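Trainee: Could you walk me through this model, chain by chain, before I set anything up with it?

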Amino acid sequence: MLNYDIVIIGGGPAGMAAALKAKECGVDSILILERAETLGGILEQCIHTGFGLQYFGEELSGPEYASRFIDLVNKEKIEYKTDTMALEITDSNVVYAVNKKDGLLEIQAKAVILAMGCRERPRGALNIPGTRASGIMSAGTAQKYVNIDGYMPGKKVVILGSGDIGLIMARRMTLEGAKVECVCELMPYSSGLTRNIVQCLDDFGIPLYLSTTVIDIHGKDRVTGVTIASVDENRRPIPGTERLIECDTLLLSVGLIPENELTRAVGIGLDRVTNGAVVDEYRETDHEGVFACGNVLHVHDLVDFVTLESQTAGEGAARYVLGKKQKSDQVTTKGVGTVRYIVPQKINLNNEGDVKLFFRVGNTFKNATVKVKYNGNELISRKRPRLAPGEMESVLITKKMLDTFEKDGVIEISVEV
Amino acid sequence: MNYDVAVIGAGVSGAFAARELTKYNLKVVLLDRCNDVAMGTTKANSAIVHAGFDAVPGSLKAILNVKGNAAMSDVCKELHVPFKRIGSFVLAFSDEETVTLRKLLERGNENGVPGLEIYDSEKLRSAEPNVSDKAVAALWAPSAGIVCPYELTIAAVENAVKNGAEFIRNFRVSKIEDDGSVFTVSDGKQEVKAKYIVNAAGVYCDEIAALIGDNSIHTIPRKGEYMLCDKSSGNLASHVLFQCPTIMGKGALVTPTVDGNLILGPSAIDIEDKEDVATHADVLADILAKTQKSVPAVSTRDVITSFAGLRAHLESDDFLIGKSEKNGRFINVAGIESPGLSSAPAIGEMVAGIITEDCGAALNPSFDPVREEPVRFRHMSNEQRKALIEKNPAYGRIVCRCETITEGEILDAIHAPAGARDVDGVKRRTRAGMGRCQGGFCGSKVVELLARELGVEINEITKFGGESKILYERTK
Amino acid sequence: MTRNITCVTCPMGCSIKVEMTESGEITSISGNTCPRGEKYAKDEITHPLRSLATTVRVEGGIYNVVPCKSAGPLPKEKIFDCMQAVNAAAVNAPVTLGDVLIENICGTGVNIVATNHCPAK
């Protein structure tokens with residue numbers, strides 16, 4: 001049995017930032033478990049630039065952003081094991097993991113930080129009928145083939161879903177010589193960042209069809225085409241709008257799901273909207289000593305925010321290990337109406353500083369007002385020129401506000417137009 | 001090459017025919033037009049071992065189903081294939097349907113089905129709590145079970161190959177010549193010679209028979225579409241749940257799979273195209289509505305994939321197994337639709353019986369009925385895992401995260417007798433890519449491993465053979 | 001004359017309105033929330049720039065390709081020319097992050113640099 005103060009599951013941007021912060025906060029015994037061959041997580045295949053504008057004030061590619069943290073992890077001599085898969089976390093925070101070199105590892109941790117990231121929603125989740133031909137894959141899988149392996153997964157491409165990976169891959173495939181016929185988006189708005197719509201689609205004249213979906217896939221061995229159709233407000237295809245588009249590839253970018261198998265197996269409470277754990281302001285779950293951060297907690301639009309959140313979790317785990325994080329009465333947060341979720345879901349009343357609440361809206365708004373209420377009384381009212389589902393919002397609950405709260409109080413966030 | 005018997009079609013019938021034939025001193029070759037075994041009707045069906053009360057008494061379907069069902073436990077033990085005898089219910093939603101249940105019970109008794117019993121609604125619900133409260137009675141058949149049809153077929157072929165049979169893939173028979181004692185079977189590129197032919201070509205049985213001038217078979221491809229639900233809804237049913245056949249057609253079924261998923265389906269539509277396995281939104285919606293009649297809690301939310309299979313239906317509505325009227329050394333195994341999977345061990349035995357009676361082959365003294373149990377890392381204890389990785393570090397690397405499948409298991413699948421040559425082949429043998437992400441992460445890893453082990457470039461790897469390549473050329 | 005431009009300098013994605021005279025002279029810029037937006041809008045009208053991120057072929061590396069980017073922005077209309085030049089190039093492993101892979105691509109004065117490591121096989 002190995003012993004560490006903090007075991008971090010996942011060596012992507014979340015895991016590395018959490019590890020570095022925990023180290024900075026005075027914990028030396030840290031182990032990162034990473035299932036891929038290298039640290040860096042999904043950033044290794046995200047070779048486009050646009051990372052780090054918030055955190056470093058520079059425009060970096062994914063691997064560059066990751067390498068800054070990998071270099072720091074090495075410099076700080078934080079231990080990590082790559083090609084290592086965590087299989088189980090027990091009630092008493094023993095982590096079982098496996099790799100080729102060490103075989104089965106049994107690691108007793110004082111604190112565990114979950115940083116496993118997320119995965120792409122597959123075709124089955126959409127239940128698209130049609131054939132089972134080759135040429136249907138998630139945008140992220142295609143990204144790996146093109147950027148890491150250096151092979152083309154298709155030449156005539158339809159992309160379903162206008163999430164950022166889908167948009168990025170539209171440009172990437174175009175640059176590499178493929179013809180991207182269109183991007184279809186089921187919703188009446190894109191969930192991708194505006195800059196990606198401009199630079200990845202508009203620049204190349206790739207049409208974005210909103211309120212449109214793929215209703216059939218054709219081709220026996222390889223995809224030969226897809227049928228697309230407009231959808232009504234209930235997202236049902238409108239008869240008569242069907243259109244056949246010839247293509248050899250259908251890329252799916254239809255959402256990301258936090259990878260919470262380990263979390264679920266140990267019985268940690270999950271938020272039905274985020275599909276991630278329910279956490280407090282330090283991102284501690286309802287399982288004592290287990291923290292979660294990054295895309296395993298909720299899907300972020302920018303890695304910079306993942307880094308910041310993971311530093312919070314790293315600090316929380318360090319405080320827990322050092323006995324500085326005491327149990328306390330809590331208030332809960334609650335999204336109202338279009339506010340789909342809020343992270344954290346709970347705040348400890350003994351918290352020593354301000355707490356930032358992150359939330360996401362379910363629709364696009366112009367000149368809307370974000371209202372924050374505590375037990376029905378307005379705390380904050382802030383005008384926002386633009387709100388969109390693809391962009392995470394935040395409000396700050398100050399220490400001064402926190403001091404007026406009482407056990408089991410409720411903080412509500414709503415949007416008024 | 002010269003063989004005693006060429007079996008055309010590596011579905012479940014062909015696989016068991018080949019395996020039974022290797023119990024004798026016969027040189028057997030198994031040919032399939034696809035890149036793997038179990039690629040036709042066998043790949044996509046309800047995965048049920050029926051009790052045997054459906055078929056008309058005295059029919060081959062009735063006889064072989066009951067016989068095959070009885071043999072299934074031992075066969076699955078020998079082949080190390082999970083088989084669960086969970087029992088089935090036929091649900092009745094009216095007094096009229098209750099009458100049908102009684103008829104089925106009588107028919108089952110006549111067919112020799114053990115343990116049939118009619119349950120009232122109370123007894124039904126205590127056995128199957130999620131069943132609709134509109135079900136007034138049910139026919140209980142304790143001998144019904146579930147098995148994974150391609151797993152069974154893969155295991156049977158592996159065992160046949162282990163006992164000396166040969167498997168040739170991508171062999172689409174296009175020509176058969178007979179010199180009176182030896183057939184020459186060709187696909188236009190290669191040929192094999194064999195004294196006997198077993199025509200187990202599923203929906204293509206009629207075309208294969210026509211190659212020797214036997215035009216007596218007319219196969220009607222009958223399409224069945226299905227939905228597969230996530231393991232989280234696998235506990236909605238713990239038995240196979242049928243509905244009463246009515247004049248409006250056969251109802252839909254709900255059944256758990258051996259892996260803990262839930263299957264909903266099938267539709268039944270006669271079509272022309274023998275390769276059309278596309279699914280359709282309206283058909284799937286209809287299936288859902290029908291299955292909700294049995295189990296109201298099933299929902300599209302839990303559906304992880306849909307698929308379709310073709311059943312090889314004959315107008316006679318019975319299996320056609322026996323010597324062709326045109327050639328006594330050409331054995332037809334045609335019209336093998338439901339209960340073909342249930343009957344497979346008995347079909348294999350019957351085919352071997354016909355051939356050995358004709359040629360008088362002696363028993364093969366070195367026949368070994370056991371197919372070694374494949375490593376299933378996900379089912380092991382941590383102690384077993386520790387020992388396994390010490391012996392072979394490849395089991396220490398997880399490739400498929402959703403299903404916890406190791407590199408070692410994938411290498412085993414590739415190097416097994418008649419092993420996997422494509423991504424779907426690895427998936428069927430190991431479950432890599434069958435989980436929630438459906439191969440999003442591990443798909444490219446599996447491609448890499450296949451390329452490495454088969455000694456080819458990764459852009460030569462296919463999803464399921466033929467033109468189903470996954471990658472084009474290098475980007476640069 | 002009015003042109004609407006979506007600013008992509010940061011994720012805010014401000015909608016910027018640029019008013020111009022017939023001759024193309026900018027008379028007003030509005031809708032931006034920071035000075036970077038104003039500069040972006042001006043540049044987008046006069047000489048639009050884009051950064052390029054792609055891969056370069058590697059010989060003898062553990063990977064077939066290594067990711068790279070233009071060290072600075074390139075004229076938008078030259079992106080496909082630059083892509084061609086990148087596709088024609090090949091470098092030998094090992095490659096280190098930050099290595100200049102192609103100098104002064106297509107005469108733009110901008111270098112193509114590696115954005116990850118690629119160790120030798």
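This is a predicted model: local features need pLDDT of at least 70, side-chain atom pairs count only at pLDDT 80 or more; totals for chains, interfaces and linings use all residues.

Trainee: Which domains does chain A have?
Mentor: Chain A is split into domain 1 (1-121 + 256-325), domain 2 (122-254) and domain 3 (328-417), with bounds that come from an automatic or database domain assignment. The C-alpha centres of domain 1 of chain A and domain 2 of chain A are 31 Å apart, and their contact takes 6 residues from domain 1 and 12 residues from domain 2, where two residues are in contact if their C-beta atoms, placed from the backbone, lie within 7 Å.

Trainee: And what classes of residue are on the domain 1 side there?
Mentor: The side of domain 1 of chain A that touches domain 2 of chain A has 1 nonpolar, 2 polar and 3 charged residues; Ala, Val, Leu, Ile, Met, Phe, Trp, Tyr, Cys and Pro count as nonpolar, Asp, Glu, Lys and Arg as charged, and the others, Gly among them, as polar.

Trainee: Switching to sheets, what is the strand order in the open sheet of 5 strands in chain A?
Mentor: The order is β22-β20-β27-β24-β25 of chain A, with mixed pairing, where strands are DSSP runs of E of at least two residues and helices are runs of H or I of at least four, numbered from the N terminus, and two strands pair if DSSP finds at least two bridges between them. β22 (346-348) and β25 (377-387) of chain A are at the edges with a single partner strand each, so one side of each has no neighbour in the sheet.

Trainee: How many bridges join β20 and β22 of chain A?
Mentor: Strand β20 (residues 330-335) of chain A pairs with β22(A) over 3 bridges in the antiparallel sense, and T332(A) has K346(A) in β22(A) as its bridge partner.

Trainee: OK, chain B next: what touches chain A?
Mentor: The contact takes 45 residues from chain B and 42 residues from chain A. On the chain B side, α7 (281-294), β18 (303-313), α9 (382-391) and α12 (442-454) of chain B each supply at least two residues, and by class that side has 16 nonpolar, 17 polar and 12 charged residues.

Trainee: What about chain C against chain A?
Mentor: There, 19 residues of chain C are in contact with 22 residues of chain A, and β5 (53-59) and β6 (65-70) of chain C are the elements that give two or more residues to the chain C side. That side has 9 nonpolar, 8 polar and 2 charged residues.

Trainee: Last one, which residues have the most contacts inside the largest nonpolar core?
Mentor: They are I6(A), I113(A) and V157(B), in a core of 313 residues. A nonpolar core is a set of buried Ala, Val, Leu, Ile, Met, Phe, Trp, Tyr and Cys residues joined through C-beta atoms within 7 Å, and a residue is buried if 20 or more other C-beta atoms, placed from the backbone, lie within 10 Å of its own. Another core, of 8 residues, lies apart from the largest one and includes I5(C), V8(C), V18(C) and Y40(C).

Note on methods. Residues are numbered from 1 along each chain as its sequence is written. Chains are lettered from A and ligands numbered from 1 in the order in which they are written. A residue is buried if 20 or more other C-beta atoms lie within 10 Å of its own, exposed if 12 or fewer, and partly exposed in between; C-beta atoms are placed from the backbone.
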